Amino acid sequence: MPFKSLNMKKAIFFLFSTALLLACTPSQKSVSNTTTSSSNLVINGKLFAVAYMQRSAEYHALCLQAYNIATLRLNEALQNASSKPRAVITDIDETLLDNSADEVHHDLQGKGFDPKEWTKWTGMAAADTIPGALTFFKYAASKNVEVFYITNRDEKDKEGTLKNLKKFDFPYADEAHLVLKQGVSSKEARRQKVMEKYDVVLLLGDNLSDFSSLWDSKTVGQRLENVQHQSSEFGSRFIILPNPVYGDWENALYQYKRLTPPQQDSAIKSWLKNY
Ligand SMILES: [Mg+2]
């Protein structure tokens, strides 16, 4: 019996190893074929961070946590009287649509962000949803809370963006509620315009500039300071989603300059705490 059981174990191990090998081979092949040019810390770091977003249950849980808190806060706001119609303002990318497949697509080729490739991606309307997002926005709409999508996607992305939102049946996916970038990256003027007519009960985003101009083009230190000053707003009126792949947190490390990959590597290393 022990001999038989050992053979059985070996057979199971062999079958498992073969299955694992077959499962891994295609992606490993494609990775090795496309990453020869990238030893860049940023590109490789982004792939590592995307793995966290795409495959960690912890990222999934963080998103659900954000949208669960959003639901609680919305319910609280609904208890208060309002002289204006209610609305929520939300960012799109990495707040309710997941563009990580596009990130992987160019990172595996050793390429950074390319506006032309981005337009191609948004036109495909192929982004998935961020966990918890669809349920929350549908719930808000069911309570007559309008949803304004204030995004730095621009006019070129309009058709694909609406198509992508409609594909999942996001509420208020129309031209009146999709507020694209009109030249200026800051979202402040666009937010103020919505706030003139609506009681904005919540703002949702993955980037601090989705909440206030307090974080527009600020240094690493100023960003942290302003978060500290506004600490009571997080989980209250501001609902922030995690994004370890990109955002103003990264741009601030580069002092908002266009840097070459080696310069980016040096900038990042210069900010790291060590002992
Ligand atoms: Mg975003």
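**Helix 3 against helix 6**

I looked up where helix 3 touches helix 6 in this predicted model, and found Tyr67, Ala70, Thr71, Leu74 and Asn75 of helix 3 meeting Ala133, Phe136, Phe137, Tyr139 and Ala140 of helix 6, contact being heavy atoms within 4.5 Å and helices being DSSP runs of H or I with at least four residues, strands runs of E with at least two, both numbered from the N terminus. By class, this contact has eight nonpolar, two polar and no charged residues, where Ala, Val, Leu, Ile, Met, Phe, Trp, Tyr, Cys and Pro are nonpolar, Asp, Glu, Lys and Arg charged, and the others, Gly among them, polar. Helix 3 (residues 57-79) and helix 6 (residues 133-142) pack at an angle of about 10 degrees, with axes 9 Å apart, the axes being lines fitted to C-alpha atoms over the stretch in contact and the angles running from 0 to 180 degrees between N-to-C directions. I therefore note helix 3 as roughly parallel to helix 6, the term for angles under 35 degrees.

*Conventions.* Residues are numbered from 1 along each chain as its sequence is written. Local features need pLDDT of at least 70 and side-chain atom pairs pLDDT 80 or more, while totals for chains, interfaces and linings use all residues, and side-chain values use heavy atoms, without hydrogens and water.

**Salt bridges**

In one of them Arg153 pairs with Asp93, the closest N and O atoms being 2.7 Å apart. This pair links distant parts of the chain, 60 residues apart, with Arg153 in strand 4 (residues 146-154) and Asp93 in the loop between strand 1 (86-90) and strand 2 (97-98).

**Second largest pocket**

I next took the second largest pocket, with a volume of about 440 Å³ (on a 1 Å grid over the protein atoms alone, a pocket is an open set of points with protein on both sides within 12 Å along at least five of seven lines, a cavity a set where a 1.4 Å probe fits but cannot get out, and lining residues have an atom within 4 Å of a point; points are joined across faces, edges and corners, and volume is the space filled by probe spheres set on them). Of its 21 lining residues, Trp249, Glu250, Leu253, Ile268 and Leu272 are the closest to the centre. Helix 2 gives the largest share of the lining, six residues, and the lining divides into 17 nonpolar, one polar and three charged.

**Cavity**

I found one cavity of 30 Å³ or more, lined by residues including Asp91, Lys187, Arg191 and Asp210.

Definitions and conventions. Angles under 35 degrees count as roughly parallel, over 145 as roughly antiparallel, 65 to 115 as roughly perpendicular and the rest as oblique. A salt bridge is a side-chain nitrogen of Lys or Arg within 4 Å of a carboxyl oxygen of Asp or Glu.
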